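Here's a quick briefing to keep open beside the model.

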Amino acid sequence: MTGKGRPARKYSQAGRVHDVIRLIEARHGISVAELAEETGVNKRTIHRDLVAIQEAGYPLISDWQDGEKVYRFLTRFKDVPPISFTLQELMTLSLLRSQLDLLKGTPFMEDMQGVFRKVNSVLPPRLAAHMERIAEVSLPLLQGKRDYSRCAEYLQQIRNALLYQQTVVISYHSPGRPEAVAYRVDPYTLLFQKGGIYLLGYAQEREALRTFAVERICGVEPLKERFEIPEGFHPGSALGEAFGIVAEPPMDVVIRFSASIAHAIRDRVWHSSQKIEVQQDGTLLLSFHAGGKMEILAWLLSYGAHAELLQPAHLREELAAMVQATAQIYHPPPCPSPSGGGYA
């Protein structure tokens, strides 16, 4: 006898887990004691089933109601309709899959591989093989990509925190600091920028949004505290005045590009506020209103003598000093000639 005198049911673990999922979906919150009573097993068995359900990928969360811990799903799985793909959509997915080299060593790559295993399992063998060939012949072009294999565990914890909207404490090793600093963060989203992965979240002690480079995270501690993303929040709005992912006070920037590369500048969107003016001599003026000093300077330096920063004046001076310091590396000043000496 188990539960409140109810005899144990004679069915497999898979059948019982299916019943547990059904019971959780049917109620806004259900306790372990109620699940044990409904299924006719003891509480320890229910705890094992809950772990299995969560490991299977169901977004299971727990809350306290009237002093009792209850379980529910973050979303209602039974309301999600079957998803089908056209042949063209599958080809697009295969092309995108080939560009995910950035995610190697992360749990996100494992998830994507799982998605394609499921897709291929229902495709005719010849079509599945064709989609694999499409993915293999597309070449990812990533210079200076980072190795995130050592961060896989931290990314897995961050992924779960994003899914369940859990606050985390991250240990972060900023450049120039000898020791890591702890931040209590509400993780909002992950950003992908120039071969790097960044966590954007609300740092509670700073009372502001902060961007954290994942490779500098050296510890993640999930908390039981849950948070709500502010209504209307969007990363594009939060970083709308940033040139990249660094939110700093914006400034008016004006750059002159040489005629030989004007076409490459004119054909791209560098910032949402940009304005482009083509000059009679073929040069091009690009202006925008954005922050992120070091990102702007690094971008300008990549064009060498083809880009001249006109405004703001203080940034032009800083860029000039960087260029002069670089020039001295390649053309150091001549050593002074020794004075006096000689032979009699």
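This is a predicted model: local features need pLDDT of at least 70, side-chain atom pairs count only at pLDDT 80 or more; totals for chains, interfaces and linings use all residues.

Residues are numbered from 1 along each chain as its sequence is written, and side-chain values use heavy atoms, with hydrogens and water left out. Helices (H or I, at least four residues) and strands (E, at least two) are DSSP runs, numbered from the N terminus.

**Pockets**

- On a 1 Å grid over the protein atoms alone, a pocket is an open set of points with protein on both sides within 12 Å along at least five of seven lines, and lining residues have an atom within 4 Å of a point.
- Grid points are joined across faces, edges and corners, and a volume is the space filled by probe spheres set on the points.
- The largest pocket holds about 1500 Å³ of space.
- It is lined by 36 residues, and Gln54, Gly57, Tyr58, Leu163 and Tyr164 are the closest to its centre.
- At least two lining residues of the largest pocket come from each of α3 (43–55), β2 (60–65), β3 (68–73), α5 (107–121), α7 (152–164) and β8 (217–226), with α7 giving the largest share, six residues.
- By class, the lining of the largest pocket has 19 nonpolar, nine polar and eight charged residues (Ala, Val, Leu, Ile, Met, Phe, Trp, Tyr, Cys and Pro count as nonpolar, Asp, Glu, Lys and Arg as charged, and the others, Gly among them, as polar).
- The second largest pocket comes in at about 680 Å³.
- Its lining has 24 residues, and Tyr172, Thr211, Phe212, Arg216 and Val246 lie nearest its centre.
- Two or more lining residues of the second largest pocket come from each of β5 (181–193), β6 (196–203) and β7 (208–213), and β7 gives the largest share, five residues.

**The cavity**

- A cavity is a set of grid points where a 1.4 Å probe fits but cannot get out, and the count comes to one cavity of 30 Å³ or more.
- The largest cavity has a volume of about 60 Å³.
- Around the largest cavity sit Leu90, Leu93, Ser94, Arg97, Phe116, Val119, Asn120, Leu123, Met131 and Glu132.
- Helices α4 (87–97), α5 and α6 (125–137) each put at least two residues into that lining, and α4 has the largest share with four.

**Helix packing**

- Axes are lines fitted to C-alpha atoms, for helices over the stretch in contact, and angles run from 0 to 180 degrees between N-to-C directions.
- Angles under 35 degrees count as roughly parallel, over 145 as roughly antiparallel, 65 to 115 as roughly perpendicular and the rest as oblique.
- Helices α10 (residues 293–301) and α11 (residues 313–330) pack at about 50 degrees, with axes 11 Å apart, which means α10 is oblique to α11.
- In that pair, Lys293, Ile296, Leu297, Leu300 and Leu301 of α10 touch Leu315, Glu318, Leu319, Met322 and Val323 of α11 (contact means heavy atoms within 4.5 Å).
- The α10–α11 contact has eight nonpolar, no polar and two charged residues.
- The axes of α2 (residues 32–39) and α3 come within 9 Å and cross at roughly 105 degrees, so α2 is roughly perpendicular to α3.
- Here Val32, Ala33, Leu35, Ala36 and Thr39 in α2 meet Lys43, Ile46, His47 and Leu50 in α3.
- Helices α5 and α7 pack at about 70 degrees with axes 8 Å apart, so α5 is roughly perpendicular to α7.
- Pro107, Phe108 and Asp111 in α5 meet Ala152, Leu155, Gln156 and Arg159 in α7.

- Most residues other than glycine have a negative phi, and most peptide bonds are trans.
- The peptide bond from glutamine 311 to proline 312 is cis, with omega near 0 degrees, and proline 312 lies in the loop between β12 (307–311) and α11.
- Glutamine 165 has a positive phi, near 55 degrees, and sits in the loop between α7 and β4 (166–172).
- Glutamate 207 also has a positive phi near 55 degrees, in the loop between β6 and β7.
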